[in-house]
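Please look at the structure shown below.

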Amino acid sequence: MGTGIVAVGVAAPYAALVLEPLPLPPPPAPPAAAYAGFWIRAVALLIDGFVIAAMEAPVFLPFVWLPLWRSVEETMRTGVHQQPVHVVYGWTLLTIAIGYLYAFVMIGRWNATLGKFAVGIRVRKADGSPAGWREAALRPLLEAGLGLPRLGVLGLVRALDYLWMVWDRQSQTLHDKIAGTIVVKV
C-alpha cells in the first residue's frame, strides 16, 4: 500500500500531463463531391427538353404552327412564297425565355430541374453549398445568349459549352464556370 502512495507522490508532477485530455484529431475532410459527368447530364438535358416542350406546346400550336401552315397554304394557292419570319423570330425568343425561366425558378428554388431530379444530380456552388438565386440567374444566361442564333458559329460555341465538362477536372460547363457552380450526384 505504501508503494502506491509513493508512486502517486512521485508521479504527481507528471500526473497533470497524463490526466489532461489529449487533443482530438481534426475532423475528417468531407467526402469529395462526386461530379456529374457528361452522359448523366445529357440525359437530364433530354428530360428537361421534353418538359420544356410540354410547356411550349400550348403556345406553339396556335401561334406558330397555324400561321406557318396558313403560309404554306397561301404559297400553294397563289404561288407567291410567304415567309412569316416574325413568327420564327418571335418563337425563338419565346422558347429562350421559357427555358431561362424554367431553369431559373427550378434551380433557384430546388437546386435542380426536373431532369436533374430524375437522374439524381443537383446544382451546387463551387464550395459545395446549395446554389442560390444568384447562381440560378447566371447559369442559364450563357445558354440563353447562345440560343439566340440557332445556327452558325455560335452553335459551335454552344456545343463547346456542354463539351467543356468532358475535359474539365470538376465536370463544369462554361455556364457553370460563369455562375461559379458545380453539378454533383446525390
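Q: Which residues form one aromatic cluster?

A: Rings of Phe, Tyr and Trp (its six-membered ring) pair if their centres lie within 6.5 Å; planes under 30 degrees apart count as stacked, over 60 as edge-to-face and the rest as tilted. In this predicted model, where local features need pLDDT of at least 70, side-chain atom pairs count only at pLDDT 80 or more, and totals for chains, interfaces and linings use all residues, one cluster consists of Tyr100, Phe104 and Trp133. Residues are numbered from 1 along each chain as its sequence is written, and side-chain values use heavy atoms, with hydrogens and water left out.

Q: How many aromatic pairs are there?

A: The structure holds six. One of them joins Tyr100 and Phe104, stacked at 6.1 Å centre to centre with 5° between the planes. Both residues lie in helix 3 (residues 85-110), four residues apart, about one turn of the helix. Helices are DSSP runs of H or I with at least four residues, and strands are runs of E with at least two, numbered from the N terminus.

Q: Is Tyr100 buried or partly exposed?

A: Buried means under 20% relative accessible area, exposed over 50%, and partly exposed in between (1.4 Å probe, protein chains only). Tyr100 has 23% relative accessibility, so it counts as partly exposed.

Q: Why is strand 2 largely enclosed by the rest of the structure?

A: Strand 2 (residues 181-185) is largely enclosed because four of its five residues are buried. Strand 1 (residues 121-125) pairs with strand 2 in the antiparallel sense over five bridges; pairing requires at least two DSSP bridges.
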